[in-house]
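Hi,

Here is the structure I promised to pass on.

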Amino acid sequence: SLQLALSLHAEKARPVWSPIKQRQKARYYWLASERDKLRRTIASKNKGDDCYKNVEYQRAAESYTSALKIDGEGSHINFSCDPWDFETAGGRLHAVLHCNRAACLMALKEYQSAAKECTAALRIETQYMKATLRRARCFMRLERYEECIAEYKSWSHLVDASKSNPCPDAECNFDRASDVSDRDYRKVSLELVDVRNFKREADAQARARTEAASNASARREQWYEQKGDAGTRRWDSFDGTTPKKEKRHGSRRFPSASTRQRSDNTRTKDSPSSRHFPNSRQNKDTGRKKDSPSSSSVTCHYDILQVTKKTSQGDIKKAYRKMALKYHPDKNSSDSAAEIFRKVKLAYETLSDDTARKQYDIKNLRQYYS
């Protein structure tokens, strides 16, 4: 009845395509989807422009990102969330979207990401003046002054070349260098002067830090040469005085001198330490007085510092300081003080280093068995 009549009317109203038209329609089947993508991209861009005018920079950046992703819908390429990773860069519209997104990121103080967006825009249009200028300003904020100066010079060179030798075909067709006003050119020139001043200040500060570091090292070496060893630290932060020692409470951590003496008396000459280190302090006869470091017969480093082979590095350092303060030529005027101090210093340099101490112990062991 009525429904049938309507269907018949629709079939009669349907246009009849010629064979050529049908082949063309089958060949350009993708035009409808591309036209829809273009409309949605422009709508998303306009939404981002409105957000940017209303100082909603984050929402504007998201709108521009959505617009950039529309072109990749239905593609076999797997797009990531970052438009920087897009393998197929669009034309003029995509360059503008990248540049606009860079402006939003600059307002959000994300200068590193903004510089990447400007680079993406320049990858599409190499002479995009606004993208070049924005990337230069991002580099200035990031204190990458050399790259910033190069970008400003490139922008100025394009403007000068367009005025001296106009070539419209070589310029960006939607942001021409020849359209730059004299006011904008003077503004950019002043920005370039400021960047050069910033670079000089940064270089001066870097040189000052380098000189300060080298001067500190030289002062340390000079102080060490003037003061000598004398049992003090290589860089004395206590101005020649020793730090105050905190009082220890409770039981002693290390055995007392009498305890160590009784322990030494219990050792025999047949003990492993006696066989391996016959000249060490712990293997001397207990009834005989210990030889002084000034004696020519004392050549063992342990005997010179009056320590044992099991003494820790901390106790060796304490013994060295004690001997150095006692026999330093500036504090001891005896004839043998200089020679004793030399032997004490040599013994400490050997025993304070773990590798040298191990080699010294092995050498003594070989001498015993040879």
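Keep in mind that this is a predicted model. Its largest nonpolar core has 24 residues, and those with the most contacts inside it are A114, M129, Y152, W155 and V195. Two or more residues each come from α5, α6, α7, α8 (145-164) and α9 (182-227), with α8 giving the largest share, 7 residues.

Next, helix α6. Among the buried residues of α6 are Y111, A114, C118 and L122. The buried residues of this helix pack against α5 (92-107) and α7 (129-141).

Now the rings. I get 6 aromatic pairs. One of them is Y145 with F198, tilted, at 6.5 Å centre to centre and 45° between the planes. Y145 is in helix α8 and F198 in helix α9, so this pair ties together parts 53 residues apart in sequence. Y145 counts as buried at 14% relative accessibility, while F198 is partly exposed at 37%.

W155 and Y185 make a stacked pair, 6.3 Å centre to centre with 25° between the planes. This one also links helix α8 to helix α9, across 30 residues of sequence. W155 is buried, at 3% relative accessible area, and Y185 is partly exposed at 22%. K163 lies over the face of Y185, 5.3 Å from the ring centre.

Cheers

Methods:
Residues are numbered from 1 along each chain as its sequence is written. This is a predicted model: local features need pLDDT of at least 70, side-chain atom pairs count only at pLDDT 80 or more; totals for chains, interfaces and linings use all residues. Side-chain values use heavy atoms; hydrogens and water are left out. Buried means under 20% relative accessible area, exposed over 50%, partly exposed in between (1.4 Å probe, protein chains only). Helices (H or I, at least four residues) and strands (E, at least two) are DSSP runs, numbered from the N terminus. Contact means heavy atoms within 4.5 Å. A nonpolar core is a set of buried Ala, Val, Leu, Ile, Met, Phe, Trp, Tyr and Cys residues joined through side-chain atoms within 4.5 Å. Rings of Phe, Tyr and Trp (its six-membered ring) pair if their centres lie within 6.5 Å; planes under 30 degrees apart count as stacked, over 60 as edge-to-face and the rest as tilted. A charge sits over a ring if NZ of Lys or CZ of Arg is within 6 Å of the ring centre and within 35 degrees of the ring normal.
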